[in-house]
Amino acid sequence: MYNVKPLLLDSQFPQIYRGRLTTLQMNLGYLCNLSCTHCHVNAGPKRTELMSRATMEIALQFAKQQHISQLDVTGGSPEMNPEFRWLIKAAKAQGLQVIDRCNPTILVESGYEWAAEFLAEHQVAVIASLPCYLESNVDAQRGKGVFAASIKALQKLNDLGYGKTDSGLVLNLVFNPQGASLPPPQQQLEVDYRQYLHDQFDIQFNQLFALVNMPIQRFGAVLFANGKQQDNPRAVFDGYLQLLKDTYQAQNLDKVMCKSLVSVDWQGFVYDCDFNQMLALPLAGGTPKHLRDLLDVNFAATKISVAEHCFGCTAGQGSSCAGALT
Ligand code: SF4
Ligand code: SF4
């Protein structure tokens, strides 16, 4: 896979500094039952990297000492980590709010039938990826049959109360574009999703988050592969980066997610966000740092490592783990 990192490091993106830390994003590993073309993690069924319980214990200690209120669990498919249930129970016992970034097909995958009920029982908020409400687009991006499995899983979540008014069980959906373009306006897209999914499948959800595709890892390599077809390997990649820069909106800068979170990888190393983790871009100041060495560090006002991909967070309506910024 083509490594785009060297093309991103020389950047004019403004220097930003962290505010108050509220969220720890934990990547439980790169194992996933899918291999989507837009995946910025390069996750898939053959990946073996998984966070251990010992690292999870340090992460919970870190959350306690840093007065963090929210655990944002991601992967791969986090439910495929054998210690997933242990982590969620321990986090809830510690009083943390927990978000599961879920590829919904895992909830109907053989061997994971327990997952939806478990999430409901522990009041875990679910953020489920559904990159379009049309079957052909989802299957093109994620694989044949993924749309049908996702619909089945969302119906299962609805049956448990997810996405229903006053149930307290939050179900948010995630859209991302099919290719090298920005997402359409989130508000209108949410209206379209809501109507189509309700009319066709009787599915309800709370909010839709529209995310920008990051030009890193598998998606970065796909942009390069598309350029090769046009005899200029960099053309599509450079064109997409230019689009992100041309649509830069300064008002998004104060709201980018790295202002209030840090991201930890499966081995316990800490990064400014999940994207920096995937680029192995350490916290500002040099070498990779482990959770155990950061328990007492004051993160407020610390420098954030920025590079060209950061324009993906500030383009247009902006993009964060909770969708548009403006
Ligand atoms: S985008 Fe999500 S569901 Fe798709 S391969 Fe990556 S981690 Fe798995
Ligand atoms: S890519 Fe990461 S570090 Fe850069 S602005 Fe976005 S959240 Fe912050």
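Guide: M26 touches M51, M56, A59, L71, D72, V73, T74, L87 and V264, leaving aside residues up to four places away in sequence. Contact here means heavy atoms within 4.5 Å. This is a predicted model, where local features need pLDDT of at least 70, side-chain atom pairs count only at pLDDT 80 or more, and totals for chains, interfaces and linings use all residues. Residues are numbered from 1 along each chain as its sequence is written, and side-chain values use heavy atoms, without hydrogens and water.

M26 belongs to the largest nonpolar core, which has 105 residues. Such a core is a set of buried Ala, Val, Leu, Ile, Met, Phe, Trp, Tyr and Cys residues joined through side-chain atoms within 4.5 Å. Buried means under 20% relative accessible area, exposed over 50%, and partly exposed in between (1.4 Å probe, protein chains only). M26, F62, L71, L173 and Y193 touch the most other members of this core. A second, separate core has five residues, including I99, A125, I127 and F209. In soluble globular proteins, nonpolar side chains tend to be buried together.

Now the cysteines. C313 is buried, at 10% relative accessibility. C321 is buried too, with a relative accessible area of 16%. A disulfide is a pair of cysteine sulfur atoms within 2.5 Å. The structure holds zero disulfides.

Technical notes
Chains lettered and ligands numbered in written order.
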